[in-house]
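Dear colleague,

Please find the structure below, together with its sequence. My notes on what was found in it follow directly after.

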Amino acid sequence: MRLFCILLFLTFSTYSFTQTYVGTATIYSQKFNGKKTFSGQVFRSNKVSAAHPWLPMGTKIQVTNLKNNKKVILTINDRMGKSSGYLLDMSTAAAKKIGLESRHGITRIKVKILN
């Protein structure tokens, strides 16, 4: 029995549980360019960054545009309102990498937590 418990522990301690979420992403407004984010970093629309309502600062995520399957890896460095109904706010640079045009400004995405 003891050996079984040890093997069970080793199996589950090395297994990686993948967390994914599906929702809607928007593009940060240009009015935030040059302002400090929740993490203390200065927001630059030409740099890849993202805001999320509840993921911890520094969390690395992979964002997939569900319309065209383009992907980008981002680090959460800002907070957004939980009541907004959106899963993610992305910088213009991040949005361009997944094919989200600023004239549309909104798309369905899948977020996969990497760390």
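In these notes, contact means heavy atoms within 4.5 Å. The model is a predicted one, in which local features need pLDDT of at least 70, side-chain atom pairs count only at pLDDT 80 or more, and totals for chains, interfaces and linings use all residues. Residues are numbered from 1 along each chain as its sequence is written, and side-chain values use heavy atoms, with hydrogens and water left out.

The barrel

Helices (H or I, at least four residues) and strands (E, at least two) are DSSP runs, numbered from the N terminus. Two strands are taken as paired if DSSP finds at least two bridges between them. Six strands form a closed barrel in the order β1-β5-β2-β4-β3-β6, and the pairing is mixed. On average, neighbouring strands of this sheet are turned by 45 degrees against each other, direction ignored; the axes are lines fitted to C-alpha atoms, for helices over the stretch in contact, and angles run from 0 to 180 degrees between N-to-C directions. As background, strands of a sheet pair through backbone hydrogen bonds, either parallel or antiparallel.

Two of the pairings are parallel. Strand β1 (residues 20-27) is joined to β5 (residues 88-90) by three bridges in the parallel sense, with Thr26 partnered by Asp89. Strand β2 (residues 50-52) pairs with β4 in the parallel sense, also over three bridges, and Ala50 stands opposite Ile76 there.

Seven bridges join β1 to β6 in antiparallel fashion, and Ala25 stands opposite Thr107. Strand β3 is joined by five antiparallel bridges to β4 (residues 71-79) and by five antiparallel bridges to β6 (residues 106-113). Val63 has Val72 as its bridge partner in β4 and Val111 as its bridge partner in β6. Likewise, Ile61 stands opposite Leu74 in β4 and opposite Ile113 in β6.

Burial and the core

Buried means under 20% relative accessible area, exposed over 50%, and partly exposed in between (1.4 Å probe, protein chains only). Because five of the six residues of β3 (residues 60-65) are buried, this strand is largely enclosed by the rest of the structure.

A nonpolar core is a set of buried Ala, Val, Leu, Ile, Met, Phe, Trp, Tyr and Cys residues joined through side-chain atoms within 4.5 Å. The largest such core has 19 residues, of which Ile61, Val63, Leu74, Leu88, Met90 and Ile109 touch the most other members. At least two residues of this core come from each of β1, β3, β4, β5, α2 (92-97) and β6. Leaving aside residues up to four places away in sequence, the contacts of Ile61 include Leu55, Leu74, Leu88, Val111 and Ile113.

The β3-β4 hairpin

Which residue of this hairpin takes a positive phi? Asn69 does, near 65 degrees, and the hairpin has five residues between its strands. Asn69 counts as exposed because its relative accessibility is 56%. Asn69 and Ile109 are 40 residues apart in sequence and 9.0 Å apart in space, C-alpha to C-alpha.

With kind regards
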